[in-house]
Amino acid sequence: MSQQHILTAVAWPYANGPRHIGHVSGFGVPSDIFSRYQRMAGNKVLMVSGTDEHGTPIQVQADKEGLTARELADRYNRVIAEDLTALGLSYDLFTRTTTLNHYAVAQEIFLGLYKNGYIFPKTTMGAISPSTARTLPDRYIEGTCPICGYDGARGDQCDNCGNQLDPIDLINPVSRINGETPIFVETEHFMLDLPAFAEVLATYLQGKQGDWRPNVLKFALNLLGDIQPRAISRDLDWGVPIPLDGWRDRGDKRLYVWFDAVIGYLSASIEWARRSGDPEAWRNWWQNPDARGYYFMGKDNIVFHAEIWPAMLLGYNGQGAKNGTAGSLGRLDLPSEVVSSEFLTMEGRKFSSSRQVVIYVRDFLERYDADSLRYYIAVAGPETQDTDFTWSEYLNRNNGELVAAWGNLVNRSISMAAKNFGRVPEARDLTDADRALLDRSRAAFPAVGAELGRSRFKNAVTEAFEVVRDANRYLAEQEPWKIKDDPERQGSILHVALQVVDDAKTLLTPFLPQSSNKVYTMLGGEGVWSGMPEIQEVDEEGGSSYPIITGDYRDNARWEHRPIKAGIPLAPPVRLFTKLDPKIVDEELARLGDA
RNA sequence: GGGGCGGUAGCUCAGCCGGUCAGAGCAGCGGACUCAUAAUCCGCCGGUCGUGGGUUCAAGUCCCACCCGCCCUACCA
């Protein structure tokens with residue numbers, strides 16, 4: 001097998017509240033399916049992420065709840081980490097942006113860019129709140145539109161006439177946070193010189209032709225058309241300090257949250273290496289021409305991952321128009337692939353926490369199984385276009401596909417064999433039909449694997465399920481229950497069926513790790529088949545502690561057919577999935593807001 | 001305002017470079033079977049592929065316009 005180093009960089013969930021199933025359908029589940037497959041295929045995967053905890057929205061939410069930003073971040077960091085663990089997402093490290101390590105790495109990247117001349121200061125006009133002295137971002141200001149007279153216009157745009165606005169032009173501008181009138185003052189910020197990377201970014205992106213999903217590539221290339229310098233600092237006290245003399249100790253200037261958040265991929269890799277006992281190990285994924293970096297996110301993040309983050313890396317490496325030299329970490333690799341998902345909607349509407357058009361991961365998992373949600377997202381999620389989540393569709397998928405097709409295949413095969421033989425029977429004198437099914441299931445490994453390798457999860461899971469359907473058809477045709485007078489033939493049929501169940505279990509492991517582990521055990525497997533993540537409490541330098549997600553994924557799962565052994569004892573099967581009562585559809589719909 | 005994505009059977013969705021591309025699953029209808037969480041298997045029904053033009057021997061599949069849904073973005077002045 002290939003033994004390639006693969007970095008799975010998963011978008012960082014924002015810690016201003018719990019995450020809903022739309023969020024995890026965009027970054028969480030796809031990235032985990034991908035990582036589990038890559039590990040099974042023999043590659044060395046490093047899957048990292050964490051909570052994104054800086055920025056104005058966190059501060060605003062904290063003010064609303066009467067907490068400090070840090071307290072709010074602590075709360076939701078823990079909630080999110082627990083939810084992602086419950087979903088079975090196999091992070092090597094899920095950390096957070098408020099660690100000392102992250103601050104240090106983010107500042108190092110800033111300094112590298114600064115020294116190479118890709119960051120410059122600039123004075124602009126900004127709105128601040130007189131009572132708190134905090135800056136108000138444009139979208140937190142509203143007033144009357146100077147163009148159409150609409151009185152609910154936001155500082156950045158009028159929702160009524162669609163025109164772009166400058167908050168300073170609004171008539172009667174007020175803060176959306178507390179209603180007071182903002183004042184406009186000069187403020188100095190640092191800008192990232194994105195135009196200096198236009199050329200090299202174009203070359204980089206052109207090289208991805210045929211590799212990335214076309215919509216992502218087209219979008220990214222298009223951005224280069226009018227690329228502009230972008231502010232990477234904010235007037236805020238909650239964030240990473242700016243590591244320059246005269247700025248470092250200022251309480252009112254911080255790095256822009258997006259600037260520090262994308263650096264998390266690197267800082268988390270470094271933190272993982274330190275915790276693994278080999279502090280230099282991260283370099284295998286970041287400074288290795290044979291390594292590949294896959295970034296998973298929702299479509300709203302493409303600009304940050306396909307343009308800004310590559311530009312930051314290029315600048316740090318000294319590879320932009322102004323050249324320069326690599327910083328102290330050394331030259332860093334750019335993303336190999338940016339895998340963007342579209343958006344999930346909820347019963348035909350946008351997810352909206354305030355309108356209660358939402359189902360949080362936690363609430364979902366209190367009532368339903370993680371594998372069941374993972375399956376829905378894999379087979380019906382927003383992979384290449386927006387898709388709609390409906391409870392009735394979820395019920396149908398769960399009951400019709402997981403329970404009736406796959407769960408039932410496992411159940412009928414094992415219980416028949418357990419009842420009649422008490423063990424895996426011998427296979428003798430295989431017929432053409434037997435061989436056809438066995439060949440077919442074995443051939444699914446390269447086919448399904450190819451789809452997984454290019455992040456086509458919907459195709460992959462559909463193809464894996466074809467094996468399940470073929471196996472059910474095989475049993476219907478062979479009718480092993482009718483030939484009790486010929487135990488040899490009956491045993492052969494059941495042996496074939498169990499072999500294909502075992503193959504299908506392997507093929508479905510990236511999607512359904514928990515239930516696949518059950519099948520593994522039922523068929524006599526020992527040890528851990530597919531490793532599951534766990535929360536660990538770790539200490540920060542200086543005393544405080546925080547939860548991380550990590551896990552031991554050196555498990556037995558391999559992406560290959562394995563012959564099952566005749567004679568292995570079989571017990572009556574346990575049920576893999578829970579059949580849902582149709583009435584849950586109305587119950588869940590009743591929980592949604594009307595709006 | 002600019003850019004992007006999508007609009008395919010009742011439902012959820014596949015359809016890459018134009019020519020078995022008109023598909024899958026579910027639902028519905030009719031059969032078979034009983035090992036299995038009344039699960040499974042077979043068959044049938046079902047779409048002028050958002051609208052209107054155009055290119056082509058040939059267009060969901062390319063071009064133009066329009067309608068609808070969604071996403072991103074707006075420096076400086």
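Ala, Val, Leu, Ile, Met, Phe, Trp, Tyr, Cys and Pro count as nonpolar, Asp, Glu, Lys and Arg as charged, and the others, Gly among them, as polar. This is a predicted model, in which local features need pLDDT of at least 70, side-chain atom pairs count only at pLDDT 80 or more, and totals for chains, interfaces and linings use all residues. Residues are numbered from 1 along each chain as its sequence is written, chains are lettered from A and ligands numbered from 1 in the order in which they are written, and side-chain values use heavy atoms, with hydrogens and water left out.

**Exercise 1. Cavities**

Task: Determine how many cavities of 30 Å³ or more there are, and describe the lining of the largest cavity and of the second largest cavity.

Solution. 

Step 1. On a 1 Å grid over the protein atoms alone, a cavity is a set of points where a 1.4 Å probe fits but cannot get out, and a pocket is an open set with protein on both sides within 12 Å along at least five of seven lines; lining residues have an atom within 4 Å of a point. Grid points are joined across faces, edges and corners, and a volume is the space filled by probe spheres set on the points. The count is three cavities of 30 Å³ or more.

Step 2. The largest cavity holds about 80 Å³ of space. Its lining includes Ser 25, Val 29, Arg 213, Ile 377 and Phe 457. By class, this lining has seven nonpolar, three polar and two charged residues.

Step 3. Helices (H or I, at least four residues) and strands (E, at least two) are DSSP runs, numbered from the N terminus. Helix H1 (21–40) and helix H11 (370–380) each supply at least two residues of the lining of the largest cavity, and H1 has the largest share, four residues.

Step 4. The second largest cavity has a volume of about 60 Å³. Among the residues that line it are Leu 192, Arg 230, Trp 258 and Phe 304. Strand E10 (230–231), helix H7 (257–276) and helix H9 (302–317) give two or more residues each to this lining. Its classes are eight nonpolar, no polar and one charged.

**Exercise 2. The second largest pocket and strand E2**

Task: State which residues lie nearest the centre of the second largest pocket, and which residue of E2 is the bridge partner of Ile 6.

Solution. 

Step 1. The second largest pocket has a volume of about 450 Å³. Of its 16 lining residues, Arg 39, Val 45, Asp 92, Tyr 553 and Arg 554 lie nearest the centre. The lining comprises five nonpolar, four polar and seven charged residues.

Step 2. Strand E1 (residues 5–10) and E2 run parallel and are joined by five bridges; two strands pair if DSSP finds at least two bridges between them. Val 45 in E2 is the bridge partner of Ile 6.
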